[in-house]
Amino acid sequence: MARNSKEDLNLEKEIDRLIHEPVRLKVLAFLSLLESADFTFLVSRLGLTMGNLSAHISKLQDAGYVSVEKGYKDNRPQTMISLTDEGRQAFQEYRQQMLRILR
Amino acid sequence: MEERIDLKNIRRQIYLYYSEDGLVDIAVGLVIFGFGLLLLLDLPAFVGLLGLLALLVWYGGKASLVLPRVGTIRPGREINERFHGFLINLVVIGIGVFILFLLSRSGGVSIFSRFSLSIFGFVVALGISILGLLLDTPRFYFYAGLVFLAMAGGELLSERVTAFDPFLAAVIGSGVVILVSGTAVLIRFLRKYPVVQREE
């Protein structure tokens, strides 16, 4: 069944622009399958610099989508990132919205 | 970032985290190679230590080579459930091996006595295949096939060759092949992922 253009526009407005950005979307996709991951893991998987990833993580953290836990492991600094409940819900909603738009 | 963003691909990349460094291959190869070598040296009592040695190599490699390059993860519920399933399968296989061993020793079931080493090879290959399935890593199917063919072939040749023990030679040989393959995977991994310089 074809949707009218007004409905399409409304769906597009609903899209969470913060998640829609490819790097942040991929970060959330990884974290949705994990309890947590450290900075180094995300850097190696996404092929980004620490600084670039840090900027994206800050935005997600400001939105309350991820939590950042700094600590030490084997005398090395370690930053663990995990998805918050709010982030998990936002990611699921984003997925549903995309499926509706692309239906 | 040119690759597709889909959860199937992301899930595969997470499983790759556990196998792309080749350390599991090296641990498996070490156990098989060591098993053959200890039997050759008539030191079967030390076979149990191989698991510990493999664990030490795997853990040491992870801590010193892998973590500084690709970091660490805490798996989520889905991955944990998959690992638990694998452990249950391993326990079932272990019990199966033990029962087969008892049956072959007692001579109660002639086919187990006659082909005990081939059946043992099949069970080991099954364990390696499950590992390949768990880690989504096809090369483990090759290892499984190699180990089964080596053990079954070695047992068959044992009746014809007397100058040396073909079974032990085949087991040691297959262990060496897996060790070399794992080392090649590790070298490729070390080249692909440099140590991440922290600038947080």
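This report walks through a predicted model of two chains, starting with confidence and ending with where the chains meet.

Chain A comes out with a mean pLDDT of 85, and 87% of its residues reach 70 or more.

The thing to look for is an open sheet of four strands, ordered 2(A)-3(A)-1(A)-1(B) and paired antiparallel. Strand 2 (66-73) of chain A and strand 1 of chain B sit at the edges with a single partner strand each, so one side of each has no neighbour in the sheet. On average, neighbouring strands are turned by 20 degrees against each other, ignoring direction.

Going across the sheet, strands 2 and 3 of chain A pair over eight antiparallel bridges, with Ser67(A) partnered by Ser82(A) in strand 3 of chain A. Their hairpin has two residues between the strands, and in it Asp74(A) takes a positive phi near 50 degrees. Strand 3 of chain A also pairs with strand 1 of chain A, again antiparallel, over two bridges.

Next comes the step from one chain to the other: strand 1 of chain A pairs with strand 1 (residues 73-75) of chain B, antiparallel, over three bridges. Here Ser36(A) has Arg74(B) as its bridge partner.

Helix 3 of chain A lies across strands 1, 2 and 3 of chain A, running at about 90 degrees to strand 3 of chain A. Helix 4 of chain A packs on the sheet too, touching strands 1 and 3 of chain A as well as strand 1 of chain B. The direction of helix 4 makes about 85 degrees with that of strand 1 of chain A.

## Where the chains meet

In the whole interface, 24 residues of chain A are in contact with 23 residues of chain B. On the chain A side, at least two residues each come from helix 3 (22-32), strand 1 (34-38), helix 4 (39-46), helix 5 (50-62) and strand 3 (76-83). By residue type, that side of chain A splits into 13 nonpolar, six polar and five charged.

Methods: Residues numbered from 1 in each chain as written. Chains lettered and ligands numbered in written order. Predicted model: local features only at pLDDT ≥ 70, side-chain atom pairs only at ≥ 80, totals over all residues. Contact = placed C-beta atoms within 7 Å. Nonpolar A, V, L, I, M, F, W, Y, C, P; charged D, E, K, R; others polar. Pairing = 2+ DSSP bridges. pLDDT = per-residue confidence, 0-100. Axes fitted to C-alpha atoms, helices over the stretch in contact; angles between N-to-C directions.
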